[in-house]
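Thanks for coming. I will keep this short and go through one model, element by element.

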Amino acid sequence: MTGYRGRFAPTPSGALHFGSLIAALGSFLDARHAGGEWLLRIEDLDPPRCPPGAADTILHQLEAFGLHWDGPVYYQHDRGPAYAWALEQLVAQGLAYPCSCSRQQWRDHAIYPGWCRTRPCEPDKPLAWRLRSDLGLNPVVWHDRLFGEQHFAPTELGDVVLKRKDGLWAYQLAVTVDDAAQGISDVVRGHDLLDNTPWQRQLQHALGLPEPRYLHLPLIVNASGQKLSKQNLAPALPVADAAVRPLLYQALVALDQKPPVTLRLGTVQEQLAWAIRHWQPQRIRRQAQRRE
């Protein structure tokens, strides 16, 4: 076993679809080819968006595609104390502040303009907590394994929300804390999350956390150019073996792995065994989006 630790971290807002499969399969193959571990984290931070049974459906779908994870499933709804500790550290460093502004108030600005950095504009209203993106690690530079060097200046970022006004924890803080807690060495995910990475790198720097390597995969979109999602009525992944096999092969083709045509009729186990042996992320075309 190497020091490689990867993960797949879906939000259980509905069943997985083909775009989810690309992210899951890419991260799985990257981990298994390296002889590493592949963990599963359910990012259920927002209960109103997570219908009952959705997480179990995701687990069943992954198993149908042979994507078996290592260790217990990790659920973010159990992690509140760890996020609270991290926010306290940021507040103590002057890197987080309470904010009363609504999205409607700053709708004419490309990014949140930092009006509450000194004090909340309306302190009697519900308050969110934001990260001071103009302090700490600036600029944010890292190397993406597919898209090369990335460079973000503070003026491009805005002060992202860490804790929402309704008391729920926000994605950026939770994912950063949990990647460190799970010892994640490599993050493989969709290109739609590439521009989230600067905030996570800022948080890693501020909290003294390890910095994983990143590989962002082309985003799968429909014929209209929309990201495949539950909102866009993307069909759920099947679990019947007869439907799983050709879709798994299609995912390998979408990842530019050039599987032999004869593999299309292979079992799930045969397809994955071939894909693990032959995984070459450098084959993936450097595109932000890929048509379904």
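This is a predicted model: local features need pLDDT of at least 70, side-chain atom pairs count only at pLDDT 80 or more; totals for chains, interfaces and linings use all residues.

I start with H17. H17 sits in the loop between β1, residues 5-8, and α1, residues 18-33. Is H17 buried or exposed? Its relative accessible area is 10%, so H17 counts as buried, the cut-off being under 20%. A polar atom of the H17 side chain lies 3.1 Å from the backbone nitrogen of G19.

Next, helix α2, which spans residues 54-64. The buried residues in α2 are A54, A55, I58, L59, Q61, L62 and A64. What do they pack against? The partners include three strands by name: β1, β2 at 37-42 and β3 at 74-75. The helices they pack against are α1, α6 at 241-254 and α7 at 268-278. Just after α2, G66 has a positive phi of about 75°.

Now the aromatic rings. A pair of rings is described by the distance of the centres and the angle of the planes. The structure has 6 aromatic pairs, and I will show two of them.

Among the 6 pairs is F28 with W38, where the ring centres are 5.1 Å apart and the planes stand at 85°. Why is this pair called edge-to-face? Because planes over 60 degrees apart count as edge-to-face, and here the angle is 85°. F28 belongs to helix α1 and W38 to strand β2, so the pair ties together parts 10 residues apart in sequence. Both residues are buried: F28 has a relative accessible area of 4%, and W38 is at 0%.

The other pair is W142 with F152, which is stacked, at 5.7 Å centre to centre and with 10° between the planes. W142 is in strand β6, residues 140-144, and F152 is in strand β7, residues 148-152; the two residues are 10 apart. W142 is buried, with a relative accessible area of 4%. F152, at 14% relative accessibility, also counts as buried.

Back to F28 and W38 for a moment. Ring pairs link these two and F8 into a cluster.

Last, the charges over rings. Which residue lies over the face of Y112? That is R130, at 3.9 Å from the ring centre. In another case, K163 lies over the face of W169, at 4.5 Å from the ring centre.

That is the end of my part.

Notes: Residues are numbered from 1 along each chain as its sequence is written. Side-chain values use heavy atoms; hydrogens and water are left out. Helices (H or I, at least four residues) and strands (E, at least two) are DSSP runs, numbered from the N terminus. Buried means under 20% relative accessible area, exposed over 50%, partly exposed in between (1.4 Å probe, protein chains only). A polar contact is a pair of N or O atoms within 3.5 Å; within protein, one must be able to donate a hydrogen and the other to accept it, and residues adjacent in sequence count only if both atoms are side-chain atoms. Contact means heavy atoms within 4.5 Å. Rings of Phe, Tyr and Trp (its six-membered ring) pair if their centres lie within 6.5 Å; planes under 30 degrees apart count as stacked, over 60 as edge-to-face and the rest as tilted. A charge sits over a ring if NZ of Lys or CZ of Arg is within 6 Å of the ring centre and within 35 degrees of the ring normal.
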